[in-house]
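Subject: Structure handover

Hi,

Here is the structure we talked about. My notes follow below it.

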Amino acid sequence: MCNLYLVDDDQDVLDSLKWMLEGMGYAPQTFTNASSFLTQVDLHLPGVAILDIQMPGVDGIELLQRVKQQESPLSVIMLTGHGTISMAVQALQHGAIDFLEKPADGDKLQALMKKASLMSLDAYQHKEKASSVAQRIASLTPREQQVMHAVLAGKLNKVIAAELNIAQRTIELHRQKVMQKMQVNNVAELAYLMAITKP
């Protein structure tokens, strides 16, 4: 189960939401301001954050922006007692998955929590895969990278050899090294792996 964070400057709202979510089987951590949330939460891990949109200091929209700037896999749900269409649109444009008005509807919140948890785990796994692929690419020599990009462009070994002005046998050896270092068996797997690294 994902980590769950509640950020609201109103302690009564925090207590009420925490009680509701604990009844659903969650164990939320609560924060009364954005600063304590930012200093205590690892934004690189999956989780769900329910943020109050209107707080003193750093408000919910600004906190959402900071979370997204960190390329965090956290899923964010905005919560407010002062909901307006413009605030909802702004929150969604900045990457919130939904917008709820206080008091939160339990059924809607439960459905959103399931969706948000899955989205966060997917984002985290994608980021981890992309990081792993980036490390494999970094292990390639500059020549191996040239060969890999040529192979991905669909070029034959003899064409690559002519373009790089080296022997075809050398290209074959580089190609083998690329496949080993990238941990793939064929060009289709290599192309799929490279697609993972694209946003």
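Predicted model: local features only at pLDDT ≥ 70, side-chain atom pairs only at ≥ 80, totals over all residues.

Residues are numbered from 1 along each chain as its sequence is written, and side-chain values use heavy atoms, with hydrogens and water left out.

Helix H9 spans residues 187–196. Buried means under 20% relative accessible area, exposed over 50%, partly exposed in between, with a 1.4 Å probe and protein chains only.

The buried residues in H9 are Leu190, Leu193, Met194 and Ile196. They lie on the same side of H9 because they cover an arc of only 145° around the axis, taken from the directions from the helix axis to the C-beta atoms. Exposed Ala188 and Tyr192 sit on the face turned away from that side.

At the start of H9, a side-chain oxygen of Asn186 comes within 3.2 Å of the backbone nitrogen of Ala188.

Now Asp105. The loop between strand S5 (98–101) and H5 holds this residue. Asp105 is partly exposed, at 44% relative accessibility. Its side chain reaches the backbone nitrogen of Lys108 at 2.8 Å. From Leu43, Asp105 is 62 residues away in sequence and 27 Å away in space, C-alpha to C-alpha.

Best wishes

Key. Helix = DSSP H or I, 4+ residues; strand = E, 2+ residues; numbered from the N terminus. Polar contact = N/O pair within 3.5 Å; in protein donor to acceptor, adjacent residues only side chain to side chain.
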